[in-house]
Amino acid sequence: MTPPPKSPRRSCLYSWASAPRAAGILLCLSACIPAFSASQRAPEPPPEYHVKAAFLLNFTRFVEWPPEAFPNDESPFGVCVAGNDPFGGVLDAIFEGETANSRPVAIHRIKGEVPKACHLLFIGASENHPGGLLAGLPPGVLTIGEEEPFIRAGGVIAFVVEKRRVRFDINQTAARKAALKISSRLLSIARTVE
Amino acid sequence: MRLSLHPARRRACALWMLPILLLMPARGVEPGADPQGDQPSPAALKTLSIEQLAQLEVTTVAKERRPAFRTPAAVFVITREDIRRSGINNLPNLLRLAPGVEVAQIDSVKWAIGIRGFQGRLSRAVLVLIDGRTVYTPLFAGVYWEVQDTLIEDIERIEVVRGPGGTVWGSNAVNGVINIITRNAKDTRGALITAGGGNVEQGTLKWRYGAGSDKLAFRVFGKGYTRGPQFHSDGRNFDDSRRGHLGFRLDWDTSERDAVTLQGDAYGMIAGQNLNISTFSPPAFSRLDANAYLYGQNLLGGWRRTLRSGSSIEVRAFFDRTDRQDLNFREVRNTYDVDLVYRIPTARHIFTWGGGARVSPARFFQVVETVNFIPHEQTYNLFSGFLEDEIALIPDRLAFTVGAKLEHNSFSGFEIQPSGQLAWTPNERNTIWAAITRAVRTPSRVEDGFSFSALAEPSIPLYLRLVGDGEFTPEQFLGTELGYRRYFARSGFISVATFYNWHDDLLSVESRPFMAETSPPPPRLVLPLLLRNGVQARTGGAEVATLWDLRPWWRVSGSYSSLLLNARNKPFSNDASTVRQLEGDTPIHKVVAVSSFTLPGNGEIDLFFRHVSAVPNQRVPAYSTGDARFGWRLTPRLELSIVGRNLLQPYHFEYGGNPGPLVGIRRAVFGRLTWSE
């Protein structure tokens, strides 16, 4: 069970002396990485969530909301982000000066229950179980999430990053349930439509 | 040192490096990327049509790892893609990918694994869960790694938490938690068959069939392998093994808010072992090469309801039976366990509370007279409750988590384990976190009613006798951690964790005066060694992990882990071996580097390098070795992969644990054909 003492005490020198090759390979790897990073400077693609924010604006243009979703003609169009906000200030920059369904846009960041003023609800990947938020939403809310399981949980649109491009899937059953009309242009760009 | 200058070895290294050098692209050439000019501003993005947006290439932070971004703990996630591209076929070797986890193979069947020190055959004080089912055995306070398995292809991810997961996870997670999560049955619909063979993994056949709808889906799977021995300089090739495993999982969304899971496994394994066995009657000592027979079955049911308020409630219950027929003892253990977790997110708080009960009756069968547990039948009980509150001091920026777990176990009574963690996220790219935790490692059967005698001197005869007499009290732990994570716009991240821990009342072996014994005959002299709490230790260290997507087709990652452990006897202790063991059983340095290429024409090349410094107490010198995987998708459904492991030398040593000379871990090559739909 407890073997008797056997060997000399450890020493850093002792263990590292046997690894000149290790050091060589690491040196090579570490020397290559900065070189390649530097060579990459010129064309820089935009961050994923900047593009997703631009998509959200576009969705408002290709989806028709039922009039009942708005209490009156003056009430704003609510864009809501549930949980951790992955967009930072970019969402505000994208929607600044824009209208949605001919209404001014109000952005809400929400925790817990979804307020009535949400027409577009983004549920980020930080929300592990979107099912609870999705269940019991009133009609007239376009729910947008991330990754395929979101569609199965009853969401309308799910972003999917594929080959470094932002694509999306649409769940038409869920859209109908939410009384939303999705334009054929949006459907044709979607990766899959269920 | 044998590793340093042998010309054949150098050649092997050069060969291994060749693909890296060949694949180094010329500067500025970036196949597959569209020229885009400077990064567009949000205002510019608004002007693009939706069709253009869909074509735009973006930078992503390795999203699969993102949920751990704000976590105030040293978490590393081994993703499904990591697992697939490693080509690794068993759970213990997969853990080599995680920083701070020391994995050493003892022979073809056994591993010694540790997190932040305390490495050993049974990974003392590391909690291992497979879909929430704990596989920690209260017999020896550890995990029998050789029997832990599942269909590797259906693992969603492995979360490795270094350091005390004490608060939420319960006792015996002092040094870390390893959480193996398999895929939802909805994601594994379709058939999969994989067959392969090689020089060590001689033959493997795995299959899975899954079917169902988005509401109700199931899978069944089977797995069998035969594995050959590693290198034995004395020619005793005892460590071959065979195993068969059947399992299923069913996932059913009974309503929009309810999800039910039912899953189970059954396995049988024949594992070759080599053991010194002492007896009181002649011949008093023998060295045995024979097979251990290891069986297990388990069934787990889970139910999760998500409430409209965003709260969720989860109940899980499992039954686990293990039958371990080792060469010198047999134990049959049934574990019944129920757990409940309730999570209530509000605007400023996330409350989590829960509780659990575990009843684990076990029966010991004595096989040799020198190994005994008294009484033979004993039931281990564990009752626990916990409460945790994550408080958003500044929403989305500064979070403070405080929690405590109260536990009652049948060996040592009540234990309370509080913790506090702070996470500061100044922006979406940086997190700085700190944690302080108290944790305990509670006694196990070996410390409460165990007796093990080994012949030390045949001429007298003199026996050493290890005695667990129930006087052992829980091992105490106080840990402090500080960490930093940063995500880069250019698809990379770096994560640094440092720790300094105080361990007190660690297990020690205290010798008592010799005594003469006449029953059972023949007469002999016995040196009792009592299991007590006579050792203290301090551990400190750092782990750095990084990952870069340099090109859409090229990812590099790597990690460095260091550990310093200083132990000393407490004043009353006369233990002569534990301090040296603790200090010399875990390597100080570990380096892992991975380079993964996706080639045109559906090919993949993955190269792995690791360096592990010496393990003096096991007489294991430092070693460096490399693995490589070549994968080709021949058709959309058929994949061929060739995996080479430990390629830089014919064999190397990783850990002791068998009588006789160290077992060399061989260079291994394995080919595999996978058909999936």
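**View 1. The open sheet of chain A.** In this predicted model, seven strands of chain A form an open sheet with mixed pairing, in the order S3-S4-S2-S5-S6-S7-S8. Strand S3 (99-100) and strand S8 (165-170) of chain A are the edge strands, each pairing on one side only. Strands, like helices, are DSSP runs numbered from the N terminus (E, at least two residues, for strands; H or I, at least four, for helices), and two strands pair if DSSP finds at least two bridges between them. Local features need pLDDT of at least 70 and side-chain atom pairs count only at pLDDT 80 or more, while totals for chains, interfaces and linings use all residues. Residues are numbered from 1 along each chain as its sequence is written, and chains are lettered from A and ligands numbered from 1 in the order in which they are written.

**View 2. Strands S7 and S8 of chain A.** S7 (residues 157-162) runs antiparallel to S8(A), and six bridges join them. A:Phe159 has A:Phe168 in S8(A) as its bridge partner. Chain A as a whole has eight helices and nine strands. Of its 194 residues, 42% are buried (20 or more other C-beta atoms within 10 Å of the residue's own, C-beta atoms being placed from the backbone).

**View 3. The open sheet of chain B.** Five strands of chain B make an open sheet of mixed pairing, ordered S1-S6-S7-S4-S5. Its edge strands, each pairing on one side only, are S1 (74-79) and S5 (133-134) of chain B. Seven bridges pair S6 (residues 155-162) with S7 (residues 176-182) of chain B in the antiparallel sense. Here B:Val160 is opposite B:Ile178 in S7(B).

**View 4. Two nonpolar cores.** A nonpolar core is a set of buried Ala, Val, Leu, Ile, Met, Phe, Trp, Tyr and Cys residues joined through C-beta atoms within 7 Å. The largest has 79 residues, of which B:Leu95, B:Val143, B:Val160 and B:Ile178 touch the most other members. A second, separate core of 53 residues includes A:Ala69, A:Phe95, A:Leu142 and B:Leu56. Beyond its neighbours within four places in sequence, B:Ile178 is in contact (C-beta atoms, placed from the backbone, within 7 Å) with B:Leu95, B:Val126, B:Val128, B:Ile158 and B:Val160.

View 5. S8 (residues 190-198) and S9 (residues 201-212) of chain B run antiparallel, joined by seven bridges, and form a hairpin with two residues between them. B:Gly196 is opposite B:Thr204 in S9(B). S9(B) is also joined by 11 bridges to S10 (residues 216-227) of chain B, again antiparallel, and the hairpin between S9(B) and S10(B) passes through three residues. B:Glu201 is opposite B:Arg227 in S10(B).

Notes. Buried ≥ 20, exposed ≤ 12 C-beta atoms within 10 Å, placed from the backbone. Contact = placed C-beta atoms within 7 Å.
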